[in-house]
Every structure is written in structure tokens, then in C-alpha cells.
Amino acid sequence: MSNFKTIAAIYAIIMLSSSCNQSSSDYSSGVAAMNADSMKQNVTILSSDSFMGRKPFTDGETKTIAFLQQKFTALGLEPGNGNSFLQEVPMVNITTTGMPLTVKSSTGEFSLSFLDDYGFWLPKTDSVVRFDQTELVFAGYGVVAPEYNWNDYEGLDVKGKVVMVMVNDPGYWVGDSTLFKGKSMTYYGRWTYKFEEAARQGAKGCLVIHNKDAASYGWPVVRNNFTQSKLHLADRSEPVCDAVGWITEQSANKIFSAAGMDSTLLVKANKPGFKGTSLKLNISTQLKATAEFKKSYNVMAKITGSKKPDEVLIYSAHWDHLGVGTPDETGDTINNGALDNATGTAALLELAREFKSTKTAPERTVVFLAVTAEEQGLLGSEYYANHPVYPAEKTLANINMDGVNPLEKTLDMSILGQGQSDLEDLAEEEMKKDGRYISPDPKPEAGSYYRSDHFNFAKKGIPALYMKTGIDVVGKGKEYGHQLKEEYNNNHYHRPSDEVDPVKWTMEGAIPDLSILFRVGQRIISTEAFPKWKEGSEFKAIRDKN
């Protein structure tokens with residue numbers, strides 16, 4: 001750990017200076033100690049080129065966790081894991097080298113380019129994976145959902161084969177609210193679920209058909225991820241395919257055409273009772289894996305509760321991003337991850353500052369958890385959920401931050417996965433106190449509730465709140481705010497250009513939003529009753545058992 005201490009010393013002066021001038025506040029304010037300038041400084045440091053995109057297993061991780069440890073110490077927080085600020089997360093880093101994919105039919109063959117047309121990741125550490133005339137099967141959405149009376153794999157043998165499946169849910173494509181949750185994605189729509197189910201069915205490989213609207217991001221985002229190594233937890237016990245990945249919609253249509261079919265097959269897959277089918281095509285390629293076993297780290301600090309220290313509220317944010325990749329159109333290779341998620345990590349520090357500065361110590365313990373490897377599949381939070389420092393039955397709730405408003409103030413915020421828990425009611429009450437309001441999830445089809453670290457807490461039955469920046473910008477309206485979001489999603493999300501704009505990024509919108517999260521948290525730790533899931537939530541039964 002000497003390397004962490006060395007780098008921590010480099011930032012000590014910066015940390016200490018930013019922690020000074022903490023003002024006292026009572027529990028009703030929620031903004032007294034939080035500071036836009038301090039937050040901007042922390043975001044700028046975390047997303048600077050010297051942090052190299054904060055990818056686990058790199059010098060960027062070393063600098064990041066040293067920064068966070070020093071910052072928590074300067075704020076006067078206690079270590080969150082016994083006498084340590086760190087929780088080890090054993091992982092394996094796998095680099096996949098791919099080749100063109102040959103598709104062979106009874107009438108001929110053609111090739112698809114690795115990265116441009118398709119991409120595979122290798123989740124296993126085997127050095128070489130070969131697909132040699134492997135049968136290709138179309139399995140609709142790749143979903144087995146008894147509660148929706150849906151089984152794309154019924155009567156379909158995919159053992160040792162490669163399945164090609166659609167992204168999102170049936171309800172999204174046809175706009176039918178009676179199918180799953182209509183436009184709102186369920187976990188069955190997530191690509192992670194589709195890989196998991198394909199493995200349970202015994203498939204050798206799984207390819208998700210990309211569609212920009214259904215996936216909520218373009219092919220460049222997918223392609224960029226394929227150019228880099230992929231992390232996995234080292235202690236996985238669940239089955240995995242030999243290879244998993246994505247294929248462009250254009251390439252999928254080319255495959256359907258070679259099979260004597262067309263894109264109407266995708267339409268048929270939306271109807272209840274659809275049966276998957278072999279495409280009577282074979283694919284061939286070879287992939288190479290280079291594996292490296294290492295440990296990454298969750299960083300955690302706490303303020304011990306004065307009355308019930310064994311009951312815990314956890315604020316979380318992921319500190320990691322994508323690291324160094326291929327050059328973009330400007331030649332930039334560093335994925336700085338300023339909005340995603342240096343803002344959330346800096347917000348965690350501001351909330352810690354606020355809780356520490358209050359006149360009255362919290363009655364229950366408040367934990368500030370910065371997790372690793374979210375970008376690799378929510379791995380740091382998954383490891384914490386499976387190896388909790390604080391038992392799930394004693395954890396009151398999780399409030400997660402993944403992308404915090406660095407721009408102007410908004411009148412609204414959205415709750416992702418709305419209708420899950422009574423944490424949402426607390427948030428709405430606090431918003432009304434400020435003359436603000438909760439707006440609907442702007443893209444329910446994106447399934448954002450299943451795409452950040454709170455999801456791993458929810459899977460353990462812990463009520464989890466995930467709020468996002470609104471679009472109703474004060475004085476400028478919703479259309480202006482919508483344009484800002486679209487501009488980021490289309491041009492900067494998971495790209496090197498996700499950097500701090502020193503002029504526009506005032507963090508003025510961040511502090512009011514964090515005030516809401518602070519006050520929701522303060523109400524949670526000041527109330528005897530544990531937060532509850534709402535009727536109809538898929539997580540309620542898990543909590544009830546506890």
C-alpha cells in the first residue's frame with residue numbers, strides 16, 4: 001500500500017485546503033457545507049488526464065483511491081471497513097483479441113469485421129476460443145420470464161451453439177403496455193441478463209443485435225468498449241458463455257438474408273408464443289484471451305451513528321471509468337469520465353462534508369461508498385453486495401449517484417425505476433419544499449434502474465434510490481434542458497470528450513440536487529421504521545424475508 005500513501009501525499013495540500021471552512025448547519029438546510037467550487041475542483045482533478053480515465057488495474061486507480069482516502073481523512077471521517085478505507089475486490093482482467101467472423105450458408109459465405117460489424121468479449125480465462133462451423137440460432141429476446149408467460153427458449157436446443165437475440169423488451173418495440181412493462185425496460189431487456197440466460201441455456205456464445213434507440217446509445221459506444229480489456233469478478237460461480245458480444249443491426253439483417261429470411265423475423269419475435277429458430281447458418285472465428293488476476297478496491301468511509309450504530313444508510317457512487325482507449329476523431333485517447341462519474345464521486349465527498357458538519361451527529365451510521373468497476377458490469381457493488389461489510393438486514397437504504405448535474409439549476413429531477421420504494425415519496429416531499437417537482441423518467445426504455453450500482457443493493461432487498469438530473473432548466477425551460485442531455489448522450493457519453501467545461505460547468509445545479517439527497521438521507525436515519533418497497537416491486541419479497 002506504500003504506492004497509495006505516496007500519491008496521497010502529493011494531493012494532501014489540495015485535500016486539506018478544500019476541506020477547510022466547514023460551516024455548521026442544522027439538519028433542515030442540507031446545503032450549508034456543500035460547496036460548488038469544492039465540487040468543481042474535485043471533479044476537475046478526478047477527470048484530469050493524469051488520472052488516465054480511472055480504469056481499475058491502472059495507475060489511474062492508484063491515484064484515485066489515494067485521492068479518496070486522503071479526502072475522507074481530511075474531512076474527519078472514519079475508515080468504513082474496520083480500520084481501513086478499502087475493501088479488496090479480486091478481479092480478473094481479460095483482453096480479447098478478435099478476428100473477422102465468417103458466416104457460411106448453403107449458397108456461400110461472407111465475413112463480418114471485428115469491431116466494425118460485431119464484437120466478442122471472452123469472460124473466461126481460456127487462452128483461445130474457437131468457433132468452427134458453429135450453428136447460429138435466433139432466440140428472439142433471449143428471455144425466460146414465467147411471470148410474463150414468456151419463454152424464447154422453449155423447445156429450442158442451443159447447447160454448444162451461438163444465439164443471436166434482440167436488445168430491450170417486447171413491449172418497447174411494439175408499444176404494447178400489456179407486454180412486460182411496455183416502454184419501460186425490465187431487467188430482462190438488459191444485455192447483461194441476455195448473456196446470463198444464454199449461459200444458463202448452455203449456449204457457447206451470445207450476440208445481442210444492436211439498435212441505437214433500443215440500447216439508448218450508438219454503436220461507437222459499443223465499439224469503444226470492445227477495444228479495451230474487460231474486468232470480471234474472480235470468484236464467479238454462475239455459468240458463463242465462452243464468448244458474449246454485440247452485432248450491428250445491419251450485419252444481423254445481412255445474416256437473416258443469408259438464411260432466407262428478412263427483418264420481419266424481428267417483428268414476429270414481439271408476439272407472445274414466438275418460437276426461436278435455427279438460422280441454418282454456421283459461423284467461424286478465433287478469439288484470444290490474455291488474463292491478468294489482480295485486486296481492485298472499493299473505497300469506503302463512515303460517520304458512526306450516535307444511537308443505533310449498527311443500522312446503516314449507504315450513499316454510493318462509482319469512481320471508475322474506461323481508461324485509455326483508441327483515438328477519437330481529435331486524436332484523444334483518454335476517456336476522462338468527467339460527468340460519468342467524477343461528478344458522482346465528488347458529490348459523495350460533498351455529502352460527507354455536509355453530514356460531518358451538522359451540529360447533531362446522525363443517529364444511525366452513514367457510509368460513503370465509492371465502488372470500483374461499475375463500467376465493467378457493476379462489479380464493485382456486486383462484490384460488496386455479496387461480501388457486505390454491513391449486513392443487508394441492517395442496511396436501511398442505498399442512495400446512488402451516477403452522473404450529477406454540473407450545469408445550471410433545474411426545477412425538476414427524475415426518479416429512475418419510479419414506483420419501487422417509499423424513498424421516492426420522501427424525495428418528492430423534499431422537492432416540493434424547494435418549489436421543485438419530480439418529472440417522469442425521460443427514457444424508461446433505457447432501463448437505467450438496472451444500469452447502476454444501486455441495482456446490486458436492490459437485488460439484496462435493500463431499498464435503493466437513484467435520481468437523475470432534470471431537464472426543466474430555471475429560466476430556460478425543458479426544450480433547452482432536453483437539448484443539453486441529447487448533446488451529451490450523442491457526443492460525449494463514454495467517449496474521450498467527456499471532460500470538464502471550465503466555463504459551463506459551474507456546479508450550480510449540483511448543490512440543490514445534493515440537498516435533496518442529503519435531506520432524504522437525514523430523514524431515513526432519523527426515523528424508527530425501515531424504508532419499504534412498494535407493492536408490485538420485484539424486490540419486496542427479498543426484503544420481507546429479512
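Helices are DSSP runs of at least four residues, numbered from the N terminus. In this predicted model, Arg54 is found in the loop between α3 and α4. Although Arg54 is not a glycine, its phi is positive, at about 55 degrees. The relative accessible area of Arg54 is 1%, and the residue is therefore buried.

Helix α3 (residues 36–46) and α4 have axes 11 Å apart, at an angle of about 155 degrees. Because angles over 145 degrees count as roughly antiparallel, α3 is assigned as roughly antiparallel to α4. The residues that meet are Asn42, Ile45 and Leu46 on the α3 side and Thr64, Phe67 and Lys71 on the α4 side. By class, this contact of α3 with α4 comprises 3 nonpolar, 2 polar and 1 charged residues.

Helix α4 (residues 59–74) also packs with helix α11 (residues 338–357), the axes coming within 10 Å and crossing at roughly 15 degrees. This angle makes α4 roughly parallel to α11, and the crossing of the two helices is right-handed. Helix α4 contributes Phe67, Leu68, Lys71 and Phe72 to the contact, whereas α11 contributes Thr345, Leu348, Leu349, Ala352 and Arg353. The contact of α4 with α11 has 6 nonpolar, 1 polar and 2 charged residues. In general, an α-helix has 3.6 residues a turn, so residues three or four places apart point the same way.

Of its 20 residues, 19 are buried, so α11 is largely enclosed by the rest of the structure. At 1.5 Å a residue, α11 should span 28 Å, and the distance of 27 Å between its end C-alpha atoms agrees with this value. A cis peptide bond, with omega about 5 degrees, joins Asp340 and Asn341; Asn341 is found in α11.

Two histidines complete the description. His494 lies in the loop between α15 (477–491) and α16 (510–525). Its phi is positive, at about 55 degrees, although His494 is not a glycine. With a relative accessible area of 6%, His494 is buried. His454 is found in helix α14 (residues 454–458) and is likewise buried, at a relative accessible area of 0%. Leaving aside residues up to four places away in sequence, His454 touches Asn398, Asn400, Ser448, Tyr449, Ala464 and Tyr466.

Technical notes
Residues numbered from 1 in each chain as written. Predicted model: local features only at pLDDT ≥ 70, side-chain atom pairs only at ≥ 80, totals over all residues. Heavy atoms only, no water. Axes fitted to C-alpha atoms, helices over the stretch in contact; angles between N-to-C directions. Parallel < 35°, antiparallel > 145°, perpendicular 65-115°, else oblique. Left-handed = near helix turned anticlockwise from the far one by under 90°. Contact = heavy atoms within 4.5 Å. Nonpolar A, V, L, I, M, F, W, Y, C, P; charged D, E, K, R; others polar. Expected span 1.5 Å × (residues − 1). Buried < 20%, exposed > 50% of the residue type's maximum accessible area, 1.4 Å probe, protein only.
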